[in-house]
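Student: I would like a close look at one chain of this model, taken slowly. Please describe it as a whole and then follow it to the place where it meets its partner.

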Amino acid sequence: MLLRSIILENLRNHEHTSIEFGTGVNVFYGLNGTGKTTVLEAVAIAGLSKTFLPTSDAGLIRRGADFYRISISAVSDVDAPYKVVVQYRMGGRKIIGSSFGDNLAPKDIIGELPIVVLSPDFKDITFGAPQDRRRFIDALLAQASKRYAEEAVNLKKILRQRNALLAQAKMRTYFDTGLFAVLTEYLAQTGAEIISRRAAFLQEFAPVFREAYRTIAEGGEEVNIIYQPDSINNAELDKGNIAQRLAETAEKLRGEELRRGVTLFGPQKDDASIIIGGAPARDAASQGQHKSLLIGLKAAEFMYLRDIRSETPMALFDDIFSELDARRSANVLEMIRDSKAQTFITTTDKDKAIFPAGAAYFYATGGTITQTE
Amino acid sequence: MHYTSESIEAVVELFAGLPSIGRKTARRLAFFLLRQPDETVRRFSEALAQLKANVRFCSICFNFTEKDPCPICSSAKRNRTIICVVEEPNDVFAIEKTGEYRGLYHVLHGAINPLDGVGPNDLKIAELVARVVDEVEEVILALDPNVEGEVTTQYIARSLKPLNVKVTRIARGVPIGSDLEFADEATLSRALESRIAV
Ligand SMILES: [Zn+2]
């Protein structure tokens, strides 16, 4: 995929910024707070429907304005044009339109502009809680499969409905055993869809991750990523079995769920453990190894997405060269060059790394972007 | 707002309370009505009054009607062995337009949604179960293809189980008349799963 151009309106400190991108590496440099990362956020919003930074949509609107809008023009690897416009008006909901239609839901555009983001903010994937790893896997699979994205949205809705019913039961205001059985069955079915897809994905992804860790991150240790679904034994991961097991777990937990008024089982409690040298990376990895693991995961994400979508993802690197040593930086840049991925890089200092010949440079200051030599 | 009148604002307020009408559109509609002849506006307000006075629920199928039972429920030409269950009166309209369905209907007036406080007792589900007597052979569930519709479908199927009636649901799949390549991937994925032998 190749982004031709982007227009940012009222996004953070950009009032109206229009950029024509280079086809290879695009370097955005400037001091902190000048609006260079916002360009990457805009690309992420157009591709993933949300930014990779923890901000609400309202928080993205420029002070004094009441909406933001991002318009992107792109072409696929086989030269098919693709346009997408995402706008958000204060107090409203996101309005999304693309070459495929108007009034789209986020899941309709996710995956159309395949994107891999690497930002120091993602260190929680190897460092943090299970939900950080689930978020990584869910975001990746949503880009890989529309069906997965839809099942994930359904899971969220089913859980909200089931938790609402359980909360009413706890308060003894209302409880319909038939409805509870229906929601439990539905959770088991949808849970099985998600768990079987996560399991199949991690089977394919683990070797890609191991290879990426060895070559790009230059890590010498044996690494792995292993699925740990909640209340399911890894040995029995067939869709029918999983639904059966989830139903049995529901039966066991029924009393406690009613007492506590909340759902206590399901794929929203899954984890995937990242292993280094035989131990969980969370406890065992050094600072440097955490960085290498993250690069390995993200490089593997890139390769996995490229193969499954038959489309080269775009790489977004937010201020990573201040965190990486020279050798790891060089390896990352070499991977980009070999894969011919269009890449968007932010850096405070454009001499921080040796960017490939032919890179396009953009200087950011006070919410404006100027192309430079 | 000193430059407008209380009467205008009252109408704007009412229009803006309608589904999918924003304040801007509400104001445009109010100004449009102001420019119409008195007669048109009088007919408009009379029609609104009649709507509420004359239209009620059919006591059998709960569709809107002026005559109870409604024309469909009282027609001798309809097949009384099949009942098609829908969420809203609008859905009856959609299925009638196909001209293919000759059975009866049952309107639930919503879907189960505990989050919004809508339980089975808030819908016409008990009334449906009571309708399924000897002559009814099949109940078709034609609810919206979303989480709430699915929950309602399963709940009704469960409630009808003891009655030994055939319960079916409408298929979900690829729209006819469009090329396969334009079908959305999630729909296509489900359609593949529920493939049938030819
Ligand atoms: Zn009727």
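**A close look at chain B**

Tutor: In this predicted model, chain B has a radius of gyration of 22 Å, whereas a compact globule of 198 residues would have one near 16 Å. Taken along the principal axes, the box filled by the C-alpha atoms of chain B is roughly 65 × 45 × 35 Å, and 20% of the 198 residues of chain B count as buried. Among the contacts in chain B with a separation of 6 or more, 47% are between residues 24 or more positions apart.

The secondary structure of chain B consists of 8 helices and 6 strands, and from the N terminus on these elements follow the order α-α-α-β-β-α-β-α-β-α-β-α-β-α.

Turning to the partner, the contact between the two chains draws 17 residues from chain B and 19 residues from chain A. On the side of chain B that touches chain A, α7 (147–160) and α8 (185–193) of chain B each supply at least two residues, and α7(B) gives the most, with 7 residues. Sorted by class, that side of chain B has 8 nonpolar, 5 polar and 4 charged residues.

Within chain A, helix α6 (residues 146–170) and helix α7 (residues 177–215) pack with their axes 9 Å apart and at an angle of about 150°; since angles over 145 degrees count as roughly antiparallel, α6(A) and α7(A) are therefore roughly antiparallel to each other. The crossing of α6(A) and α7(A) is left-handed, and the residues that meet there include A:Leu155 and A:Ile158 in α6(A) and A:Leu183 and A:Leu187 in α7(A). By class, this contact of α6(A) with α7(A) has 11 nonpolar, 4 polar and 4 charged residues.

Terms used
Residues are numbered from 1 along each chain as its sequence is written. Chains are lettered from A and ligands numbered from 1 in the order in which they are written. This is a predicted model: local features need pLDDT of at least 70, side-chain atom pairs count only at pLDDT 80 or more; totals for chains, interfaces and linings use all residues. Two residues are in contact if their C-beta atoms, placed from the backbone, lie within 7 Å. Helices (H or I, at least four residues) and strands (E, at least two) are DSSP runs, numbered from the N terminus. Ala, Val, Leu, Ile, Met, Phe, Trp, Tyr, Cys and Pro count as nonpolar, Asp, Glu, Lys and Arg as charged, and the others, Gly among them, as polar. Axes are lines fitted to C-alpha atoms, for helices over the stretch in contact, and angles run from 0 to 180 degrees between N-to-C directions. Angles under 35 degrees count as roughly parallel, over 145 as roughly antiparallel, 65 to 115 as roughly perpendicular and the rest as oblique. A crossing is left-handed if the near helix is turned anticlockwise from the far one by less than a right angle, and right-handed if clockwise. The radius of gyration is taken over C-alpha atoms; the globule rule is 2.2 Å times the number of residues to the power 0.38. A residue is buried if 20 or more other C-beta atoms lie within 10 Å of its own, exposed if 12 or fewer, and partly exposed in between; C-beta atoms are placed from the backbone.
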